[in-house]
Amino acid sequence: MSTPICTPPSRFRLVDAFDEMLAGVFARPTRSMLTTLGTVLGLASLIVTLGLSRTAGSQIIDQFDELRASQVVVTARSSGGQQGSGRLPWEVETRLDRLNGVVASGAIADVANPGPVRTVALVDPSGDYEHVVPVLAASPGLLDALRGRIAAGRWFDQGHIDRADRVAVIGVNLAQELGIRRLDVQPGLFVGDTFFSVIGIADEAVRDRGLLGSVVITSAAAAEVFAVTRPERVVIEVELGAGDVIAAQAPVALAPSAPETLAVAAPSLPQGARDRVAGDVNSLFLLLGLVSLVVGAIGIANVTLVTVIERTSEIGLRRALGARRRHIATQFLGESAAIGLVGGILGASVGVIIVVIVSAVKGWTPVLDTWMPLLAPPAGALVGLLAGAYPAVRAARMEPVDALRGRD
Amino acid sequence: MSAVIELRSVSRVFDSTPPVHALRAVDLTIQAGEHLAIVGPSGSGKTTLLNVLGLLDRPTSGTYLLDGIDAGTLTDAQRAGLRAARIGFVFQAFHLIAHRSALENVMFGGLYQGVNRLERRRRAIDALARVGLSHRAGFRPDRLSGGERQRVAVARALAVEPSILLCDEPTGNLDSVTTASMLELFDGLVADGLTVCVITHDLGVAERAARRVRIVDGELSEAAPVVETVP
């Protein structure tokens, strides 16, 4: 017999290691499934907590809340006839649009007793052509601040204000009522006894749909004709989340000498309160999730340790068949990691299902970051790996001679 | 014939107080194809000798050549490789894995040689046929008799395609009828050219071996008359 030149070390092929790992997990399926429970609960509660807070957070951005959250209204504080009642300026755009967080701003006032609105200068005894409609005085920025839209013609600009042009923009409802369909015929209307050219028809004003049935004239014309000197309120469209800051800054910008005379309607913040409540609940559940994950890890460690001791003679046999310590450690680590992985997959599934069910019950749109369910299986495997470390080391340290005799 | 195993003044001392001399300068050569029985009373060093022969334990001093390879110079990993490729173990307690079928148990032979699954399956089917248990391939160990279990264990050792079959009290858990059929199996394997080394205190088992050595208090003596060694 020829003497071999080299003696190769024993090998444990990856595919065989995988087979042995699966066989180990499925040797006691019930025990393995029960062992995964801790990981399942832990990861599921983590995903439910994160997913539900994400889902609930997204619901605040529905249309109604969004409109309210992005609007700041400043009015003059009525001080019951005392001196020092608030005064709003008309030129709000130049004061407010520079503030960081302001999207648009505009001032508005109702014209008191403007007189009937007519399209012809006749005094009709039957009153057929007379309409009593609201007349509003506005600054140029108002249309944007109300999220308005011009269907035909145009909105007025600073030039119209400077010249105090007798121009008007009318709402689409009023236009129908008055029979104004085209602007190229240069229609006009009388407000009281004053003639205004209609230069535009607005068909949308999201924040104040009353505008659609009104006549809007420039602040300057309103001052000259109807002696409207002050706007009644200033409407500011702010970026989401900037409401509080703008609410604090706007009075100072509008009335630097007496900001306290102005009243501000900032976005009421049920959202903030909701977030705080949700935050408390969140951290509690996150903590619970982490605790059950740790408990799950201890469970895996425990069961794997029991399994190692039960399988002492198998470990001895494997060593006799040429397994090295690292092969034994690999096998047991693989088994605990597989149990953790399965726990992660189940936990992610359970978590996602719970988020969907709760959302369905609450009528919410479930929102979940993709990475969360995807991260759960590797996280579970990591938990299993960590939990399996000590039992695997115990198994690897066994002496084959002792293990074959059933002594660990 | 070439030597499968060669021990040259191998000693094994266990560090206890007082130190236990389990093996004292043992010289032993096992030729290829030999059927050897090692006999001796409990505590005589039989098991220590088997562990040394099986590369499960390192001798304190002396030289051990397996197939001409000096095992003393090898790393643990290489010794594991040698064990995986050249030694087939048969244990008194069978050491079958309970939740695997007979075939799967036999397929453990060669697992740590890096032999691929298909080849191990082929070898396992052959080995089961050699021990006459092809009809039990799909059975789990708990549905096999004691003799059948030990045959499965022998098949597992054969699937390694070893240089030597090391058997530690292979009939210790078997009744006399099963023992007889087990010994016939060993005779057959030897006839096929396999080297078999049986460690036993059973007179009948030792008698079947062509050559007997006796170990007492760690000292080995050749060709001891079997009858006198049994108390």
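How many residues of chain A are in contact with chain B, and how many of chain B with chain A? In this predicted model, 25 residues of chain A are in contact with 31 residues of chain B. Sort the chain A side by class and you get 14 nonpolar, six polar and five charged residues.

Now let's move over to chain B and pick out one helix, α6, which runs over residues 176-191.

Which residues of α6(B) are buried? They are T179(B), M182(B), F186(B) and L189(B). Look down the axis of α6(B) and these buried residues fall within an arc of 75 degrees, so they line one face of the helix. Turn to the other side of α6(B) and you'll find V177(B), E184(B) and A191(B), which are exposed.

So what does the buried set pack against? Three elements of chain B take part: the buried residues of α6(B) pack against α5 (146-159), β7 (164-168) and β8 (195-200). Between the helix and that last strand there's one more backbone detail to look at. Just after α6(B) comes G193(B), which takes a positive phi of about 105 degrees.

Key: Residues numbered from 1 in each chain as written. Chains lettered and ligands numbered in written order. Predicted model: local features only at pLDDT ≥ 70, side-chain atom pairs only at ≥ 80, totals over all residues. Helix = DSSP H or I, 4+ residues; strand = E, 2+ residues; numbered from the N terminus. Expected span 1.5 Å × (residues − 1). Buried ≥ 20, exposed ≤ 12 C-beta atoms within 10 Å, placed from the backbone. Arc of directions from axis to C-beta. Contact = placed C-beta atoms within 7 Å. Nonpolar A, V, L, I, M, F, W, Y, C, P; charged D, E, K, R; others polar.
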